[in-house]
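Dear colleague,

Below is the structure I promised to hand over, with my notes on what was found in it. Please have it open beside you as you read.

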Amino acid sequence: MSDILWPAGYVPGFTDNFCSNEVIVAGLTTADVWPFLAEPLRWSDYYANSSDVAFHDGAGPILEQGDRFFFKTFGFPVESQVVECVPPVEGQPARIAWHGWSGEGDTRLDVHHAWLIEDLSAGRVRILTQESQKGNPAKELAKTKPNPMINGHQDWLDGLVTAAFAAKA
């Protein structure tokens with residue numbers, strides 16, 4: 001199975017917080033899942049922790065390499081830029097990742113949020129999302145139990161799968 005590609009400065013274990021969530025389900029393909037992830041205006045339809053999506057510089061509605069966009073999540077207003085975007089192609093995983101940031105000074109949070117979607121044998125799909133974070137808010141999130149990032153991203157994965165199945169019905 002494939003791995004997330006980490007940029008310098010965001011390698012897990014060397015940041016203030018890291019979370020990883022993954023599902024493997026039968027009956028979906030990468031192509032089934034991709035539209036629900038690559039179109040941020042759809043996120044709030046299946047993930048309650050996302051709102052107020054807006055695009056900058058004429059981008060959207062489908063994310064592409066270099067696009068800048070905004071959304072609110074986990075109580076943070078997040079400016080973001082797509083730093084990796086590989087739509088589904090047979091035989092290779094689809095990938096999307098963005099650098100997100102919020103706040104200034106001591107309240108600054110910087111994240112690298114990456115997604116990998118790949119078709120597996122026997123009609124299964126693997127969806128992996130990982131986020132590496134830096135800054136004082138990340139340090140606080142890392143100490144919080146239960147971990148809001150792990151739980152929130154699991155909700156995102158579960159909603160993504162449900163939405164993809166509903167679209168096939």
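**The core and its surroundings**

Leaving aside neighbours within four places in sequence, I96 is in contact (heavy atoms within 4.5 Å) with W34, L37, L63, V82, E84, C85, H113, A114 and W115. Separately, there is a core of five residues, and I4, A114, L116 and L128 are among them. A nonpolar core here is a set of buried Ala, Val, Leu, Ile, Met, Phe, Trp, Tyr and Cys residues joined through side-chain atoms within 4.5 Å, where buried means under 20% relative accessible area, exposed over 50%, and partly exposed in between, with a 1.4 Å probe and protein chains only. The largest nonpolar core has 31 residues, of which W43, I96, W98, W115 and I127 touch the most other members; helix α4 (residues 148-168) gives this core its largest share, six residues.

Please keep in mind that this is a predicted model, in which local features need pLDDT of at least 70 and side-chain atom pairs count only at pLDDT 80 or more, while totals for chains, interfaces and linings use all residues. Residues are numbered from 1 along each chain as its sequence is written, and side-chain values use heavy atoms, with hydrogens and water left out.

Helices (H or I, at least four residues) and strands (E, at least two) are DSSP runs, numbered from the N terminus. Of the nine residues of α1, seven are buried, namely T30, D32, V33, W34, F36, L37 and A38, and what covers them includes α2 (43-46), β4 (76-86), β5 (94-102), β6 (109-120), β7 (124-134) and α4. On the α1 side of the contact with α4 are D32, V33, F36 and L37, which meet L160, A163, A164, A167 and K168 in α4. A167, although it takes part in this contact, counts as exposed, at 53% relative accessibility.

**Backbone points to check**

Two cis peptide bonds deserve a look: one joins G60 and P61, with omega about 5 degrees, and P61 lies in the loop between β2 (51-55) and β3 (68-73); the other joins K145 and P146, with omega about -5 degrees, and P146 is placed in the loop between α3 (136-143) and α4. D52, which is not a glycine, has a positive phi of about 55 degrees; D52 lies in strand β2 and is partly exposed, with a relative accessible area of 45%.

With best wishes
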